[in-house]
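Thanks for asking me to look this one over. Here are my notes, in the order in which I would go through the model with you.

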Amino acid sequence: MDKKNIALVSLILAFAAGFCDAATFTAAEELFSAHVTGNFVVFAYDLIRGAETQSWLKLLSFPVFTLAVVSAGWYAPRLKSGYTLLFVEGVILLVAGAFDLALDRPGTIWAATLPYVVVLAMGIQNAFGRLYATAAYAPTTMMTGNVTQLTLDVAKILMPGVWNSDKRPAFGKQFIIIGGFLVGCVAGAFLAAHFGLWTIALPGLLLLFISFI
């Protein structure tokens, strides 16, 4: 697969994941769309408080996510470029955002479906990260591993006698991923809270931009 500007791709992917995760959590009954395993925790919390229908619906995120990953894994070998997966992801987010802006009717079937469309898009991005691990500096949808690596790299500098490594820590790369995700979270939460979930069209546009860089 042809390499694009890896720094920019990493930044856009991290921003998109943080944006979508925070947007659905803020505007879709606390549903995680990128880090879907977080829905286990939210569901368990809702369960002990007396889970309602919306809480049980959170479990739909797992088959939707799985469908996206399996589909991406099946199509990837048939594509000329793996970046086509990101183009598809961008189209899904952009079209879904446009539909939501046009309909703008809370309580409809579409309003209930949209969060899972975002989960579908994030499933594609998760699959892309696994299928083309070198296309970005690090995983872009879940930050726990990246923060762990950053902490260990800092420890190597602060405790050189304990950590013996000739490999220089890639702080710049880690900050691009973690910083991009954090900025995406803030933007997604703010825009979704004030304008609605249709704002997922923004990361959709950015993902389409990857095709032209």
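The points below start with the fold as a whole and then turn to single residues and pairs.

1. A word on the source and the overall fold. What you have here is a predicted model. The chain contains nine helices and zero strands, and its elements, read from the N terminus, run α-α-α-α-α-α-α-α-α. With a radius of gyration of 18 Å, close to the 17 Å that the globule rule gives for 213 residues, the chain is as compact as a globular protein of that length.

2. Dimensions and burial. The C-alpha trace spans about 60 × 45 × 30 Å along its principal axes. Of the 213 residues in the chain, 41% are buried.

3. How many aromatic pairs does the structure hold? The count is seven. In one of them, F15 and F19 have ring centres 5.8 Å apart; their planes meet at 45 degrees, so this pair is tilted. Helix α1 covers residues 6-27, and because F15 and F19 are four residues apart in it, about one helical turn separates them. Are these two side chains buried or exposed? Both F15 and F19 are buried.

4. Which residue lies over the face of W74? That is R78, at 3.7 Å from the ring centre.

5. An aromatic cluster. Y83, F128 and Y132 are joined into a cluster by ring pairs. Y83 is also a residue of helix α5, which covers residues 83-103.

6. A nonpolar patch on the surface. Which residues make up this patch? They are F87, V88, V91, V95, F99 and L103, and together they have about 450 Å² of accessible area. One of them, V95, sits in helix α5. V95 has a relative accessibility of 40%, so it counts as partly exposed.

7. C20 belongs to helix α1 and is buried, at 0% relative accessibility. For a reference distance, take V88, a member of the nonpolar patch: C20 and V88 are 68 residues apart in sequence, with 16 Å between their C-alpha atoms.

8. As background, most residues other than glycine have a negative phi. E30 counts as partly exposed, with a relative accessible area of 35%.

9. F40 in helix α2. F40 lies in helix α2, which covers residues 38-48. Its relative accessible area is 46%, so F40 is partly exposed. F40 and F62 are 22 residues apart in sequence, and the distance from C-alpha to C-alpha is 9.7 Å.

10. F181 in helix α8. Helix α8 covers residues 171-195 and includes F181. Why does F181 count as buried? Its relative accessibility is 12%, and the cut-off for buried is under 20%. Along the chain F181 and I213 are 32 residues apart, and their C-alpha atoms are separated by 20 Å.

Definitions and conventions: Residues are numbered from 1 along each chain as its sequence is written. This is a predicted model: local features need pLDDT of at least 70, side-chain atom pairs count only at pLDDT 80 or more; totals for chains, interfaces and linings use all residues. Side-chain values use heavy atoms; hydrogens and water are left out. Rings of Phe, Tyr and Trp (its six-membered ring) pair if their centres lie within 6.5 Å; planes under 30 degrees apart count as stacked, over 60 as edge-to-face and the rest as tilted. Helices (H or I, at least four residues) and strands (E, at least two) are DSSP runs, numbered from the N terminus. Buried means under 20% relative accessible area, exposed over 50%, partly exposed in between (1.4 Å probe, protein chains only). A charge sits over a ring if NZ of Lys or CZ of Arg is within 6 Å of the ring centre and within 35 degrees of the ring normal. Patches are made of residues with over 30% relative accessible area and no salt bridge: like charges are joined within 9 Å, nonpolar side chains (Val, Leu, Ile, Met, Phe, Trp, Tyr) within 5 Å. Accessible areas come from the Shrake-Rupley method with a 1.4 Å probe; for residues, only the protein chains shown count as cover. A salt bridge is a side-chain nitrogen of Lys or Arg within 4 Å of a carboxyl oxygen of Asp or Glu. The radius of gyration is taken over C-alpha atoms; the globule rule is 2.2 Å times the number of residues to the power 0.38.
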